[in-house]
Structure formats: structure tokens, C-alpha cells
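Thank you all for coming. I would like to walk you through one structure, a few residues and a few helices at a time, so please keep the picture in view as we go.

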Amino acid sequence: MKIKNQKDFWSGLMFVAVGIAFAWGATEYSFGSSARPGPGYFPFGLGILMAVLGGVVLFKALTIESADGDPVGSFAWRPLLIILAAVFVFGLTLERLGMFISLPLLVIISSLASEEFSWRAAILNAVVLTAMSWAVFVLGLKLIIPLWPTVFGLGG
């Protein structure tokens with residue numbers, strides 16, 4: 001069988017693999033019932049849905065000829081490494097520096113992965129995403145997340 005669209009084939013295969021992995025991982029948790037779902041209910045359903053959608057994309061890539069069926073290019077290592085570094089820095093700094101410093105760091109470092117990087121857009125994104133994260137996680141969900149470095153005595 002000939003692959004008619006390389007990009008759809010590889011993205012469909014990735015979605016199938018990630019969906020199956022999530023569904024499989026969710027089997028370690030209790031499912032509960034539809035009326036009272038357990039912790040494994042949503043991730044299992046989401047994993048199955050992701051795998052099914054990936055299967056549809058995969059099927060399309062194998063059966064339907066498309067104009068953008070060019071082969072997938074070389075792997076973009078630089079953006080991948082920059083984004084992994086940003087997540088690593090966020091993980092190291094959240095407890096020490098708080099959300100109001102570590103989240104903008106994450107956004108700005110991640111923005112460096114783009115070929116269209118601009119300081120203005122990165123800072124604007126950092127401010128908006130930090131404000132929204134604070135509103136959702138601290139105000140809305142009442143999660144206890146350090147907001148400032150404890151060095152400044154504002155650690156709550």
C-alpha cells in the first residue's frame with residue numbers, strides 16, 4: 001500500500017500511538033460509572049477518541065491522493081530542544097521563583113523557538129497567559145501555587 005500523504009500519515013500514526021498510550025495508562029485508575037466517573041474515565045475516553053481520530057487521518061493518508069502529499073522534511077531539532085529547555089526551566093523554577101516569574105520565563109523561552117520571534121509578542125503572550133493562569137488555577141480552582149519568590153517574603 002502506497003502512502004499518498006506523508007504528513008497526514010505520520011501525524012495520524014502519532015495520534016494513534018499517543019491515544020493508545022493514554023487509554024492504556026488510564027486503565028491503572030478506577031473507571032467508576034457514567035453517573036460517577038472515576039479518575040480513569042475521562043483519560044480513557046480521550047485516549048480512545050484521539051486514537052480513532054488518528055486512525056481516520058491515517059486512513060485518509062493511505063487512500064486519498066492530495067496535492068500536499070510531499071515527503072516530510074528534516075526533523076526540527078532546534079525548536080524541539082528550546083521548548084524542552086523551557087519546560088525544564090519552568091519545572092526547576094516554579095517552586096523557587098513562583099508563578100509570576102517562572103511562567104513568563106516559560107513563555108519567552110518557548111517563543112525563541114519560532115522563526116518569527118518578536119520581544120513584543122512574547123512579552124504580551126507572557127503577561128496574558130500568566131494572568132489567565134492565575135485566574136484559572138489560583139482564583140478559580142483554588143490551587144496552592146507559589147506566586148512570588150519566597151525570598152521577597154511574598155511567597156503565597
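Predicted model: local features only at pLDDT ≥ 70, side-chain atom pairs only at ≥ 80, totals over all residues.

K60 counts as partly exposed, because its relative accessibility is 39%, where partly exposed is the class between buried, under 20% relative accessible area, and exposed, over 50%, with a 1.4 Å probe and protein chains only. Residues are numbered from 1 along each chain as its sequence is written, and side-chain values use heavy atoms, with hydrogens and water left out.

Which residue forms a salt bridge with K60? The partner is D8, and the closest N and O atoms are 2.9 Å apart, a salt bridge being a side-chain nitrogen of Lys or Arg within 4 Å of a carboxyl oxygen of Asp or Glu. Because K60 lies in helix α2 and D8 in helix α1, the pair ties together parts that are 52 residues apart in sequence; helices here are DSSP runs of H or I, at least four residues, numbered from the N terminus. D8, at 18% relative accessibility, counts as buried, and a search of the whole structure finds one salt bridge.

Staying with helix α2, residues 41–63, its 23 residues should span 33 Å at 1.5 Å a residue, and its end C-alpha atoms are 33 Å apart, which agrees; the expected span is 1.5 Å times one less than the number of residues. The buried residues of α2 are G47, A51, G54, L58, A61 and L62, and they pack against α1, residues 6–26.

Let me turn now to helix α4, residues 99–111, whose buried residues, including M99, L103 and S102, pack against α3 and α5. Is S102 buried or exposed? It is buried, because its relative accessible area is 0%, and its side chain reaches the backbone oxygen of G98 at 2.8 Å. Leaving aside neighbours within four places in sequence, S102 is in contact, meaning heavy atoms within 4.5 Å, with F90, T93 and L94.

Finally, by way of contrast, consider K142, which is found in the segment after α5. K142 is exposed, with a relative accessible area of 63%, and its side chain reaches the backbone oxygen of L139 at 3.0 Å.

How values were computed:
Helix = DSSP H or I, 4+ residues; strand = E, 2+ residues; numbered from the N terminus. Polar contact = N/O pair within 3.5 Å; in protein donor to acceptor, adjacent residues only side chain to side chain.
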